Amino acid sequence: MILTAQLHEFMNSRHLEIFLDIATEAALSAGAILQQYWGNLQEIREKGRPGDLVTEADKAAEDAVLAVLKRHVPDHPILAEESGQMGDRQSEFLWAIDPLDGTTNYAHQYPFVAVSVGLLIEGVPQVGVVYNPIHQELFRAAKGLGATQNRKPIQVSQTQELDRSLLVTGFAYDRRQTSDTNYAEFCHLTHLTQGVRRDGAAALDLAYVACGRLDGYWERGLSMWDMAAGVVLVEEAGGLVTAYDQSPVQLETGRILATNGKIHQQLSHELSQVKPI
Ligand code: IPD
Ligand code: CA
Ligand code: CA
């Protein structure tokens, strides 16, 4: 199916459903590749920064996503982790693709990994699919259409207080080169909550906030492809996504604060209180 220019002009929920189905097809296709390579990797190498790995599975999964998008929406630009920016930069559309979020986990057969397929329309994330092919958990959302996990509606948690919360965060690959490591934030919030997990796949961290397994998430040093899909999941599941200071999130900054909404103000306040270590 090729979407026409006229169709693009009249964006409504039916069109978002079509894009959501395209995103789902792409994520499942890449997920099948990741299932095949699981435990069978021949090539694991560092991309540049220490610990920043890439494998033949990342590339094959990305090819699978690109093939689906090229078939359905050949005129849409794409930002994909392994291939970079492709297509018309003036377009109102942008697909943001992480073919394998959690590459370090994948290389160690730690099954917290995902394909992340997001669609931004006029700079706003509007469609998101995050798929863990090992657990076969499929998270889907589109603006105004709600969020689902394996096709069942999901909602964020009801936790009201930080000291009853389970949070998640992460540490970017530049942590050996910067003093802005997120270590102080991790210590500060570990002290104030029931725990802070570091599970190693940002898109899935956001999906876990969306389905209520986790109450909140913050991280710095991320890329657009880590966040675009997960932002839609959290918002459509009733959560809140902003910058650390609660201003509107700017994905280009690489910083995000995503919660069930109820602990948002408290978590934002505590992040502002952190003293560097
Ligand atoms: C990484 C993961 C990790 C986060 C890093 C990301 P990758 O993505 O999402 O949780 O802490 O900042 O780069 O390299 O596994 O696709
Ligand atoms: Ca990633
Ligand atoms: Ca990746």
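In this predicted model, isoleucine 256 is in contact with Leu206, Tyr217, Trp218, Glu219, Leu222, Met227, Val231, Val241, Thr242, Tyr244 and Val249, when residues up to four places away in sequence are left out of the count. Isoleucine 256 also belongs to the largest nonpolar core, a set of 40 residues in which Val130, Phe139, Leu204, Tyr217 and Ile256 touch the most other members. At least two residues of this core come from each of strand 5 (93-101), strand 6 (114-121), strand 8 (137-142), helix 6 (202-210), helix 7 (224-236) and strand 15 (256-259), and helix 7, with nine residues, gives the most. Because domain 1 (2-153) and domain 2 (162-273) both contribute residues, this core lies between them. Another core, apart from this one, has 37 residues, including Ala64, Leu69, Phe93 and Val129.

**The annotated site**

An unreviewed UniProt entry lists Glu81, Asp98, Leu100, Asp101 and Asp226 under "binding site". These residues are spread over 146 residues of sequence, yet they cluster in space, with a largest C-alpha distance of 9.7 Å. The lining of the largest pocket includes Glu81, Asp98, Leu100, Asp101 and Asp226.

Two of the listed residues can be set side by side, with their places in the chain and their relative accessibility.

| Residue | Place | Relative accessibility |

Beyond four places in sequence, glutamate 81 touches Lys47, Glu62, Ile97, Asp98, Pro99, Leu100 and Trp225. With the corresponding sequence neighbours left aside, leucine 100 is in contact with Leu34, Thr55, Asp58, Glu81, Tyr106, Val113 and Ala114.

**The sheet**

Strands of a sheet pair through backbone hydrogen bonds, in either the parallel or the antiparallel sense. For strand 9 (residues 146-149) and strand 10 the sense is antiparallel, and the pairing runs over two bridges. Glutamine 149 has lysine 152, in strand 10, as its bridge partner.

Definitions and conventions: Residues are numbered from 1 along each chain as its sequence is written. Chains are lettered from A and ligands numbered from 1 in the order in which they are written. This is a predicted model: local features need pLDDT of at least 70, side-chain atom pairs count only at pLDDT 80 or more; totals for chains, interfaces and linings use all residues. Side-chain values use heavy atoms; hydrogens and water are left out. A nonpolar core is a set of buried Ala, Val, Leu, Ile, Met, Phe, Trp, Tyr and Cys residues joined through side-chain atoms within 4.5 Å. Buried means under 20% relative accessible area, exposed over 50%, partly exposed in between (1.4 Å probe, protein chains only). Helices (H or I, at least four residues) and strands (E, at least two) are DSSP runs, numbered from the N terminus. Domain bounds come from an automatic or database domain assignment. Contact means heavy atoms within 4.5 Å. UniProt positions are given in the numbering used here, feature names are shortened, and annotations may be inferred rather than shown by experiment. On a 1 Å grid over the protein atoms alone, a cavity is a set of points where a 1.4 Å probe fits but cannot get out, and a pocket is an open set with protein on both sides within 12 Å along at least five of seven lines; lining residues have an atom within 4 Å of a point. Two strands pair if DSSP finds at least two bridges between them.
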